[in-house]
Amino acid sequence: MRRALAFAWLRLRREPGRMLLGVIGVTAIGALLFDMLLLSNGLLVSFRERLDRSGFDVRVIASESAVIAGPPIDHVSAKLTELGRKPSIAAVQRVRVASADVADHPSTRHLAVAGVDLGAPVPWTLLEGAPPNAQASPAPLVINRNFARTFHLTVGSPVVLNGRCGDASRPLPLDATVAGVAEFQNDAADALTAATSSQAVAALCGERGDLADMLLVQSNPAAGGPDAAAAAIRAAFPALHALTNEQIVERFSRVEFSYFRQLSSVLTTVTLFFGLLLITVLLTVSVNQQLGEIAALRALGLSRARVMAGVLCESALFIGLGGIAAVPIGGLLSRWLDAILRSMPGIPADARFFVFTLHALEVHAALLVIGAVLAAVYPMRLVATLPIAATLRREVVS
Amino acid sequence: MTVPVVAANAVSRTFVMPAGAVHALRGVSLSVQPGEYVSVVGPSGCGKSTLLHLLGCIDVPTAGSVLVDDIDVSTLSDSARSALRLRRIGFVFQRFFLLPMLSAWENVELPQAEAGVSRAERRQRTRELLEYVGLSARASHRPAELSGGEMQRVAIARALANRPGLLLADEPTGELDQATGAQIVSLFDRLNADGTALVVVTHDPEVAARASRSVRMRDGEIVEETTRPCC
Amino acid sequence: MRRTASFLAVVLLTWTALAAAPAPADVLVSRQLLEREHLAVGQTVELSSDAAGTAARPFRIVGVYEPTPDPMRFAQERLEVRVHLPDAAALEDRLPSSSLTSINVELRDREDAAGFASDVERRLPGLTAKSTAAPDERTSTFAVLDRFHLAIAMVTVFGSGAFLLALMVMLVDERRETVATLRLIGLTKQRLIAQVLVEGALIAVAGAAFGVLFARAAEPVFNRFFQWRYDTALVFVRVTPAIALRCVALAVPVGLAASAIAGWTILRRRALLTVGR
């Protein structure tokens, strides 16, 4: 096999231009294939990483529908008190989201304002300023960078918010002071996000009910972790839906991510099919041009298996060289494609569609090996069934 | 009684074409003794090359049998016939069929490598063969850099790589001018003098005349055999 | 006598109770919900606005509808119902205020949609009014996907172009001796290049046309697969005349360029060298 490989290398080197073009073609197709493998799981991996980084491993919502968009959870304070007593739960946080405008600014850019218990673990990472004090007056506001930049705010700046809730804004505006600038999870690149106390958000919309759109739970690893925490919540409140991070990822995979997975599968299949077709044609034309040589080699005594191995090695070299080059090229290409997809509205700024995993590389390598063999099947058959005498005769006549 | 290097016993070869069957050989018998020099002559289409292909185990007869060193090749598998060609038979073609991406040296070395000869032995043998054919100085040149005669000499060296007992040549001087052809023919004389059995298919009467036995064919049959008095 | 009076009282009480019970309101359910929950038209179900099911009200299924395919939600199971507005408001009695999510307006003059929308926003501050044809978040999502698919297509064309060039070089190389002989006879390079270009153009046009036909044939296969997979009536793949034209406009020049380059690789050498002399 080593001789066959060395021979195939010499044969390819004989026509360097042709070899280069073939390898470039394989590289382009291989890069696309590699990227589709990265896409098949990338967003899921990215989503899982972000969920795990948030510090909360169970989320509780009122219905099976999409988070935040479904009905709110009521009697939240009582529920928080009861959940706080569970040994499998380390901490619980409530989140109530409202929409608002900044007073005296055009109302085309609405803000998302999250109301939380400021004394509990919070779902953001403070970049500037100090943790907000729930007792402070005016209400403390933590804002994201985009908000600060858009409205020229810094820590200490006063802000007046008008709630956009239900059928009318709250008649009296809400005075607030910027307590800090933070990074919020799941923020889109152009999102205007703020957070304050749950009382302030309730006041923003004139709400009297004790409501939350979602509860965020930190489980106690020593008492069974997230599965135990979720089970305890379901036992205490059967009407609520408690989802561990793993379950959210699974749901995301089944629903929101389904399109990209399907797209990845379809494009992988189509890319492989046409790549194989192109390489098979290239190899077949190459073999057809060398039939005289091959017949002469067979006449000299090279066995059928030997000349077939030569074709297989040629295929392996094309695909091997192109496939190896495809990995870094695919990596670069994936950045471009990732940038395109991340420009979709509502996509969190730190989400990644194309994430490198060892599994993707393994699948890429396996597909290339299978591809090299399949692409060589027809040309190998040509050389295996080559009639030596007739070919030699034909070569002489031609 | 010595065993013939190769013997064809009443071989026939029929090619089935769309326009109808072509009987290229009809019951031809020919045996070649070790060290014998046989030429096969005849008009185009008389079956000379077909006979050579059968003797060289490149093709199989429709009827009859071919024995190489007393082994009926029809009983052998394709890989066994390949092995036979690699070690026992050398082939020289009209169009040389040298591998263009290999140098003269590498072309001669190729069959030895396939036969599993060690590197040291291959080096020694290749040097000897290129010297034998007078091309030591052109060993590193590719076929595109050689003249027709030089290419044919490399092809002959390649055919002799594994010390075959039989060399088959199909119109070896067909693509060469007269002077170059004469060089090749002289080489064949030397080979034969050194003990290699030769079967040469040729149109050229001067080439044919060098053989100790000449076989004339017509319409797929041997019509005349002439033995040159002693050689 | 006493027994008759008791019986009449029970009948009266039962009749009064029945008369006082609200008649089930009408509800339409989505086909997906009907299938998932094994419901049937005519069946009475209870709907509630909260997860605990408090203050549930009875509704009678009077029909099934197919939800309008929404490309933003095609991967989601469309488990939804439609009720009359007063019944929806009654369901939401527990919420602090009842309000509408949106109002759909059909105009007599559809061309005036944008003007009507801005007029509404001016007269009713706090409301957002948009023409359905106006670009919104959903449009930009699909614009992004369009760019994504175009990027993939460009990479594919590049890779295919490299292969095509390799094949053309090989095929032209096969005719090296013929080309050299023609040159030796006296045909000019330009004449031979023109020959190569004509052949390349014919192959490129035929190939592009075949490609478009193949895409058209594959279109229903893709659509049927994804419609089955996501239980939707959305059309995922559509080969429009503009797309077909774009493909041909891209493929033909690529094919021509490959022919020209392949022809140049042979014709740039001297004829004698080409025949190996």
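Trainee: How many residues of helix H9 (residues 291-300) of chain A are buried?

Mentor: A residue is buried if 20 or more other C-beta atoms, placed from the backbone, lie within 10 Å of its own, exposed if 12 or fewer, and partly exposed in between. Helices (H or I, at least four residues) and strands (E, at least two) are DSSP runs numbered from the N terminus. H9(A) is largely enclosed by the rest of the structure, because its buried residues number seven of the ten.

Trainee: What kind of model is this, and how are its parts numbered?

Mentor: Residues are numbered from 1 along each chain as its sequence is written, while chains are lettered from A and ligands numbered from 1 in the order in which they are written. Local features need pLDDT of at least 70, side-chain atom pairs count only at pLDDT 80 or more, and totals for chains, interfaces and linings use all residues, since this is a predicted model.

Trainee: Which residue follows H9(A)?

Mentor: The buried residues of H9(A) are Ile294(A), Ala295(A), Ala296(A), Leu297(A), Arg298(A), Ala299(A) and Leu300(A). The residue that follows H9(A) has a positive phi, near 125°, and is Gly301(A).

Trainee: At what angle do helix H2 (residues 16-53) and helix H10 (residues 304-342) of chain A cross?

Mentor: Axes are lines fitted to C-alpha atoms, for helices over the stretch in contact, with angles from 0 to 180 degrees between N-to-C directions. The axes of H2(A) and H10(A) come within 6 Å, and their crossing angle is roughly 50°.

Trainee: How many residues in the contact of H2(A) with H10(A) are nonpolar?

Mentor: Ala, Val, Leu, Ile, Met, Phe, Trp, Tyr, Cys and Pro count as nonpolar, Asp, Glu, Lys and Arg as charged, and the others, Gly among them, as polar. Seven residues of this contact are polar and one is charged, while the nonpolar residues number 14.

Trainee: Which helix gives the most to the side of chain C that touches chain A?

Mentor: Residues are in contact if their C-beta atoms, placed from the backbone, lie within 7 Å. On that basis 33 residues of chain C are in contact with 43 residues of chain A. With 22 residues, the helix that gives the most to the chain C side is H5 (residues 137-174) of chain C. By class, that side has 18 nonpolar, ten polar and five charged residues, and the helix asked for is H5(C).

Trainee: Which residue of strand S8 (residues 197-201) of chain B is the bridge partner of Ala169(B)?

Mentor: Five of the five residues of strand S7 (residues 166-170) of chain B are buried, so S7(B) is largely enclosed by the rest of the structure. S7(B) pairs with S6(B) in the parallel sense over four bridges. S7(B) also runs parallel to S8(B), joined by five bridges. In S8(B), the partner of Ala169(B) is Val200(B).

How values were computed: Contact = placed C-beta atoms within 7 Å. Pairing = 2+ DSSP bridges.
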